[in-house]
Amino acid sequence: MTEIHIEGQWRHLCVDMQRMFAEDTPWRVPWMERAIPIVVRLARAIPAHTIFTRFQPPVTPDAAQGAWQDYYRHWWMMTRSHLEPELTDLIPELAELTPPARLFDKATYSPWFQGGLANILRAEGVTTLVLSGGETDVCVMATGLGAIDLGFKVVVVKDALCSAIDLTHDASLTLMGTRFSAQVQLTTSEEFLNIQASLS
């Protein structure tokens, strides 16, 4: 594996490690449980550099935009009029890190369309994003590809990711590590934590 290089300001963007994906809901990600200790270890080591995104369903399907309405008519039980409010929270092990870690709520797979996250990061001089969380082939992928388009360098921590489907998880890592190799670096939590002290 190629040694990672991070220059300038960076932030750890931890994607959607929420109770509704960890607990007994229709959106449960079965092997999130395996990733949780690694994600927690990573975030605890760098809480001041960490931003947690949280996926926020609409109150009702009609409150969503465009094709999202059809999506939430299928997943009506996951709209906020039916979902227990606390299920959109971070898992407790990560929630206790805020602050100094920050929260950023979003209504879509990507965090880049609402709330000005890119402007916040640019105002802080951030040039590199370190990604963890879930799901690899949905929200993490959308976050990473959007970050590339916005000009950020992306470091993906492979063992700090989770998905519901092994095949598409593996395919997503292959895609990011090959087709986007000029802008994306793949690493492990061990390698990243070995160098993070010098980056903070």
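The legends below describe several close-up views of a predicted model.

**View 1. The largest pocket and the residues that line it.** The largest pocket holds about 260 Å³ of space, and its lining includes the aromatic residues Phe-21, Trp-27, Phe-55, Tyr-71, Trp-75 and Tyr-109. Asp-16, Val-29, Gly-134, Glu-135, Val-138 and Cys-139 also belong to this lining, which divides into nine nonpolar residues, one polar residue and two charged residues.

**View 2. A salt bridge between Arg-44 and Glu-96.** The closest N and O atoms of Arg-44 and Glu-96 are 3.0 Å apart, and the pair links distant parts of the chain, since Arg-44 lies in helix 2 (residues 32-45) while Glu-96, 52 residues away, lies in the loop between helix 4 (92-95) and strand 3 (102-106). Arg-44 counts as partly exposed, because its relative accessibility is 45%.

**View 3. Arg-73 with Asp-62 and Asp-70.** Arg-73 forms a salt bridge with Asp-62, in which the closest N and O atoms are 3.1 Å apart; Arg-73 lies in helix 3 (residues 68-74) and Asp-62 in the loop between strand 2 (50-55) and helix 3, so the bridge ties together parts that are eleven residues apart in sequence. Arg-73 also meets Asp-70 in a salt bridge, at 3.0 Å from N to O, and these two residues, being three residues apart in helix 3, are separated by about one helical turn. Arg-73 is partly exposed at 43% relative accessibility, whereas Asp-62 is exposed at 57% and Asp-70 is exposed at 53%.

**View 4. A network of salt bridges.** Arg-11, Arg-102 and Glu-124 are linked in this network, and the structure as a whole holds nine salt bridges. Side chains of opposite charge can pair when their charged atoms come close.

Definitions and conventions
Residues numbered from 1 in each chain as written. Predicted model: local features only at pLDDT ≥ 70, side-chain atom pairs only at ≥ 80, totals over all residues. Heavy atoms only, no water. 1 Å grid on protein atoms, 1.4 Å probe; cavity = no way out; pocket = protein on both sides within 12 Å on 5 of 7 lines; lining within 4 Å. Points joined across faces, edges and corners; volume = space filled by probe spheres on them. Nonpolar A, V, L, I, M, F, W, Y, C, P; charged D, E, K, R; others polar. Salt bridge = Lys/Arg side-chain N within 4 Å of Asp/Glu carboxyl O. Helix = DSSP H or I, 4+ residues; strand = E, 2+ residues; numbered from the N terminus. Buried < 20%, exposed > 50% of the residue type's maximum accessible area, 1.4 Å probe, protein only.
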